[in-house]
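Dear colleague,

Please find below the structure that I am handing over to you. The notes that follow set out what was found in it.

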Amino acid sequence: MPKVFRFSAYGGPETQELVELPIPQPGPSELLVKVRAAGVNPVDVKIRQGLMQAFAPRDLPSEFGSEVSGVVQEVGQDVTGFAVGDEVFGLPAPGHGAFSEYTVTTALSTAKKPPQLSFEDAATLVVAAATAWDGIVQLGLTQGQTLLINGVGGGVGVAAAQIARDAGITVIGTASEGKRALVESLGAMLVPYGEGVEQRVRDLLPDGVDGILDLVGGAALRSVAGLLTDPAKLVTAGDPATAAELGGAMVNRDGTARVLHEVARLVADGKLDPHVNDVLDLEDAAQALASVESGHALGKVVIRIS
């Protein structure tokens, strides 16, 4: 039977397990996909830890992963525009995950993969690049304005820096000094996080910034929020409670194939590099999660499933 990586209870890595389950069946408006690659994101760890229960409650045990690419094996009832054999990428349907040999996706949130994209690159776009796109659109900044990406070194930050740069927005990113080369390769300016970060940004931009895309939350978000002249120009992908307290909001996710087509086009046109840093096998899914949880991954971590 196909292998699936899941967690059996909210908590730490000890709740994770690789199990064998029957091939799932697609329902109406769904697709059965043979998985070729799955993106790994910090939110996967937060969901396992139980930190997202208020926004994304799960029935346990629950499968990991929200970014998948692969090949359509079966088309559910009422689905149009897809056929068996199509190479696709998209969002697993509720109750299903990407860290699996087979999964079910929602047709509305699945797009055909352009032939120029590898399965590994396509699997990074569903959450990371699409969240970046949605966040930049929501902020509504224009050419010549300034954007601070709080936690620029991960998958969402890497994509957001490139999308903003392509729109003529000046990008400042907070990250560790060890990510300087990566951040500068994106056309962004690195400001090391930690005590004094607000002053370090003001040394570069005395008037502060026009927008903040937060990917860290907590104390790190509070430490830079004062740089904004308009608190409403703060959106977060990870800490809606703190953002709301500061006058900002959660990233409003589009969740449809329309955005997937947009970010895939940017990759195909050479304007967006997903920066896949590490590719591991499904049997090493725990290691992939640990790498992302550590915060030291440069760019995206992907699980490849042959």
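Threonine 146 counts as buried, because its relative accessibility is 12% and buried means under 20%. Please bear in mind that this is a predicted model.

Threonine 146 belongs to strand S8, which covers residues 146–150. Leaving aside residues up to four places away in sequence, threonine 146 is in contact with Leu141, Ile169, Thr170, Leu205, Gly208, Val209, Asp210 and Gly211.

How many cavities of 30 Å³ or more does a search of the whole structure find? The search finds two.

The largest cavity holds about 50 Å³ of space. Its lining is made up of Thr124, Leu125, Ala128, Ala129, Gly155, Ala159, Leu272, Asp273, Pro274 and Lys300. Two elements, helix H3 (125–139) and helix H4 (155–166), each give two or more residues to this lining. Of these, H3 gives the most, with three residues. Sorted by class, the lining of the largest cavity contains six nonpolar, two polar and two charged residues.

The second largest cavity has a volume of about 30 Å³. The residues that line the second largest cavity are Phe7, Asp44, Ile47, Arg58, Glu63, Phe64, Gly65 and Ser66. By class, three of them are nonpolar, two are polar and three are charged.

With kind regards

Terms used: Residues numbered from 1 in each chain as written. Predicted model: local features only at pLDDT ≥ 70, side-chain atom pairs only at ≥ 80, totals over all residues. Heavy atoms only, no water. Helix = DSSP H or I, 4+ residues; strand = E, 2+ residues; numbered from the N terminus. Buried < 20%, exposed > 50% of the residue type's maximum accessible area, 1.4 Å probe, protein only. Contact = heavy atoms within 4.5 Å. 1 Å grid on protein atoms, 1.4 Å probe; cavity = no way out; pocket = protein on both sides within 12 Å on 5 of 7 lines; lining within 4 Å. Points joined across faces, edges and corners; volume = space filled by probe spheres on them. Nonpolar A, V, L, I, M, F, W, Y, C, P; charged D, E, K, R; others polar.
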